[in-house]
Amino acid sequence: MRYTLAVLASNGSAKLIRLLKRGGGTSYPGLIAQRIDPNILSKLNAQLKRGSVIVTGTNGKTTTTALIQSILKQSGLKVLYNKTGANMLAGIIVSFLRAADALGKIEHDAAVIETDEGVFPQLCQTIQPELVVVTNFFRDQLDRYGELDKTISYIRMGLSKLPKGTKVLLNADDPMVVGLSGIEGLKYFYFGLEDPEIAFQEMNQTAEGKYCPRCGTMLGYRHYYYSHMGDYRCPNCGFSRPKPTYFSDNIQLMGLNGSQFQLHDTDSKGIEISTGLPGLYNVYNILAANAAGDILGIDQKSRQTAIKGFQSVFGRMERVQVQDKQIIMALVKNPAGWNEVMRTLFQHRGKYHLLIALNDQIPDGTDVSWIWDADAEQLSAVSSSITGFTISGSRAYDMAVRLKYAGLDIKAEQVEMDITKAWEKALEATVPSGILVVVPNYTAMLALQEVMANQGYVKPYWEDKK
Amino acid sequence: MKLKIGHLYPNQMNLYGDKGNIIALQKRAEWHGLDAEVIPLCEGDTFLKNDFDVLFFGGGQDREQKIIAEDLLKIKKNSIYDAVHNGVVVLAICGGYQLLGESFKISECEILQGIGIFDTWTVASNKRLIGNVVVQTDLFSRTLVGFENHSGQTFLRPSAKALGTVLTGFGNNGDDNQEGCMTHNVFGTYLHGALLPKNPTFTDHLLKLALMRREENWKWQPIENELENQAHAIAEKIAKHSKINPVVQ
């Protein structure tokens, strides 16, 4: 009874929120449902025939979640997932409720849930997942959890609550992620890159993970892929990168046009992948999703088909045609994300206008100091490709100062704090048939999506393409 | 004329965009018509009292602080004291600020000894002080703006002088309304953001102190500060409107 009431109240409030045009109603109804029935999530999850997959870590959660969902769906399963990146507990509950009928009954086979690190311990206690995927750890939103070590301790806390034998898929190239494998009783799987050709000999940015998670000694690296991702070994205790079962090699990055690489798994023959998803970070996302699919028993053909047909999600290097101009939107919320998006842009030969939008709302992190850890100096090296800048958001001037101190010629006229006006200004400044690259952080991206939806260029983010 | 900036423990103490302070010192020195060079000072390195004009010491997590604490005490303490008494400018943020004090009690059973440049002591708390900060100093009329994020609470002995008074935010400990500490030409604070880029008045104050010590002839070129001033004004405004409560961990 309590359960049914919770479902009804939540569905009603979601409709009301959209009716009042207060956004997608992707979180608040979940709070209502949970208030009425505190056990709602475990009751919803218990109805899934094949259980759930939890995806956590700093970067790549949303894309990896969507990819795993596509793979499961391709194999014929009915899957629910939190598509809009609403990854706090309330948002997760809403994703389940949307899949349920009016009385809270779910016909789905499986769920793939992107989870914020802070919510992870609570979620692990509420539902027992089939598989947990940990993508990577970078400094991000430190105003919420204080320090990165604290964030990692939340994941550790969650994992140690899981029943013995639960499967955990870890990024072999991130020593801090692999440090989690010290928790006993779980079944670990690894994914990583095996392609020294595209690696660097030096760490190219402010990064963490320089120290052994077991004994604290400085790690030695054979090479780096980006930030602290690479092939490492502790000279003191012997902690080292585990050899991954799931790996990629022969990687060719083609800037904004995507990449090609060989994907290897438990099948002896590798798969040739050609994807429109740009950047090395998307190679990692695909690698993780393919591994998750294999671990869950999905056949290679379904995995391959799903990966090939996959389109960018919601603001993650998403492409939109506006009049005769091509818009590429790339969410950036921390230094590692910034550096990798920029690296992808630099491989692109051709000119573009750049709109950068920096907000400091709670979902973004109210501390914007990460922009000083981001390698903005790279931008001045390719400024000849950039036809102009527009800088927006509540902390637009912080970003403008960052770019000025990176050696770019930034003037106050290029700053427009209002996101709608900045969008129009940037679109206007983009040459006919040209490219506009939009780099927002989280709430700035939501605001831009709304502006574009109002102008009829994209669907509102809460409308599922079914 | 060349300004030499020593960056203490850049591999460990570089939290929350602290690198921005080094960038601001170097860029503004250059824009004012000086040459500037940044030299990393890592574990094992020592230096002489005239080797540097400015020393910068950033923040780190407890883990990184533990790694460098011994080197600071055994290898660098004398070099830093000589430089400080010679009028060298020092800026220490967060973790660096804590270790320039007498001690940092991380837990009931663990105390990191500092080098006691500041007459302060720090105690870790389960409340984390996080948020935008505005501080009024008596060094100049403009406020200092930044972002704090620390579980250590720092207390000043009667002999110590605070960097300023907190207008918004927590400051040293959330209780006495004081923020940071200063002595000689040494400044310690919890503010990052990064601190110097959007507080150009403070950056120039530090650069001027460094140049005064050198007593050489130099021509100070003025800099256009419109973007920095706007960033400062907006940070002040946002801080005033933000709700702050300590985060209990």
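Let us begin with the surroundings of A:I371. Leaving aside residues up to four places away in sequence, A:I371 touches A:L358, A:D398, A:M399, A:R402 and B:G17; two residues are in contact if their C-beta atoms, placed from the backbone, lie within 7 Å. Please note that this is a predicted model, in which local features need pLDDT of at least 70 and side-chain atom pairs count only at pLDDT 80 or more, while totals for chains, interfaces and linings use all residues. Residues are numbered from 1 along each chain as its sequence is written, and chains are lettered from A and ligands numbered from 1 in the order in which they are written.

Is A:I371 buried or exposed? A:I371 is buried, because 26 other C-beta atoms lie within 10 Å; the term buried requires 20 or more such atoms, exposed 12 or fewer, and partly exposed covers the values in between. A:I371 belongs to the loop between strand 14 (352-357) and helix 13 (377-381) of chain A. Helices (H or I, at least four residues) and strands (E, at least two) are DSSP runs, numbered from the N terminus.

I turn now to the sheet. In chain A, five strands form an open sheet with mixed pairing, in the order 12-13-16-14-15; strands pair if DSSP finds at least two bridges between them. Strand 12 (316-322) and strand 15 (386-392) of chain A stand at the edges, each with a single partner strand, so one side of each has no neighbour in the sheet. Strand 12 and strand 13 (residues 325-330) of chain A run antiparallel and are joined by six bridges.

Helix 16 of chain A lies across strand 12, strand 13, strand 14 and strand 16 (435-440) of chain A, and runs at about 135° to strand 16. Angles run from 0 to 180 degrees between N-to-C directions, and axes are lines fitted to C-alpha atoms, for helices over the stretch in contact.

How does helix 16 meet helix 15, and at what angle? Helix 15 (residues 419-429) and helix 16 (residues 442-454) of chain A pack at about 65°, with their axes 10 Å apart. The two helices of chain A are therefore roughly perpendicular, a term for angles of 65 to 115 degrees, whereas under 35 is roughly parallel, over 145 roughly antiparallel and the rest oblique. Helix 15 contributes A:I419, A:T420 and A:W423 to the contact, and helix 16 contributes A:A444, A:A447, A:L448 and A:V451.

Finally, the two chains: 22 residues of chain A are in contact with 29 residues of chain B. Helix 14 of chain A gives the most to the side of chain A that touches chain B, with six residues.
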